[in-house]
Amino acid sequence: FTWQLMRYHMLKFLKELSLNGKKVDDKGILKWANGAVLKTGKKKQIKKWHDEDGLSDGLFFIYLVSSLNKDIVDWNLVTEGLNDEDKLLNARYAISLARKLGAVVFLLPEDIME
């Protein structure tokens with residue numbers, strides 16, 4: 001249920017921002033997010049929003065936030081995400097960073113890890 005709320009809010013918000021009312025879909029958002037992360041010099045990419053391998057360590061979201069504001073991330077707080085404890089720390093930090101940017105967050109750190 002939370003996923004549907006987040007998706008609805010995100011698509012509604014992005015449609016309002018789009019040029020000429022061009023339809024914004026999951027594929028376009030994913031392409032943008034992967035491109036934004038690549039521009040930071042990080043090679044991490046995801047294939048879908050439920051990409052367990054690409055998202056569970058929290059790093060993709062931290063890299064994405066970094067692409068929006070490179071100065072907001074304290075890299076000393078970011079772990080490699082190799083175990084559940086480190087994944088949880090990264091997920092909590094990613095959510096904290098997103099909130100600092102003013103993002104509406106519809107998930108818990110445990111949701112990122114799943």
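**Trp 32**

I looked up how exposed Trp 32 is in this predicted model. Its relative accessibility is 47%, so Trp 32 counts as partly exposed. The cut-off for exposed is over 50% and for buried under 20%, which means 47% falls in between. I then checked where Trp 32 sits: in helix H2, residues 26–39.

**H2 against H4**

How do the axes of H2 and H4 cross? I found an angle of roughly 75°, with the axes coming within 8 Å. H2 is therefore roughly perpendicular to H4. I listed the residues in this contact. From H2 they are Trp 32, Ala 33, Asn 34, Ala 36 and Val 37. H4 contributes Phe 60, Tyr 63, Leu 64, Ser 67 and Leu 68. H4 itself covers residues 59–68.

**Met 113**

I moved on to Met 113, which lies in helix H6, residues 109–113. Its relative accessibility is 22%, so Met 113 is also partly exposed.

Which residues does Met 113 touch, leaving aside neighbours within four places in sequence? I got Ser 56, Asp 84, Lys 87, Leu 88 and Ala 91. I checked the spacing to Lys 87 as well. Met 113 and Lys 87 are 26 residues apart in sequence. Their C-alpha atoms are 6.7 Å apart in space.

Terms used:
Residues are numbered from 1 along each chain as its sequence is written. This is a predicted model: local features need pLDDT of at least 70, side-chain atom pairs count only at pLDDT 80 or more; totals for chains, interfaces and linings use all residues. Side-chain values use heavy atoms; hydrogens and water are left out. Helices (H or I, at least four residues) and strands (E, at least two) are DSSP runs, numbered from the N terminus. Buried means under 20% relative accessible area, exposed over 50%, partly exposed in between (1.4 Å probe, protein chains only). Axes are lines fitted to C-alpha atoms, for helices over the stretch in contact, and angles run from 0 to 180 degrees between N-to-C directions. Angles under 35 degrees count as roughly parallel, over 145 as roughly antiparallel, 65 to 115 as roughly perpendicular and the rest as oblique. Contact means heavy atoms within 4.5 Å.
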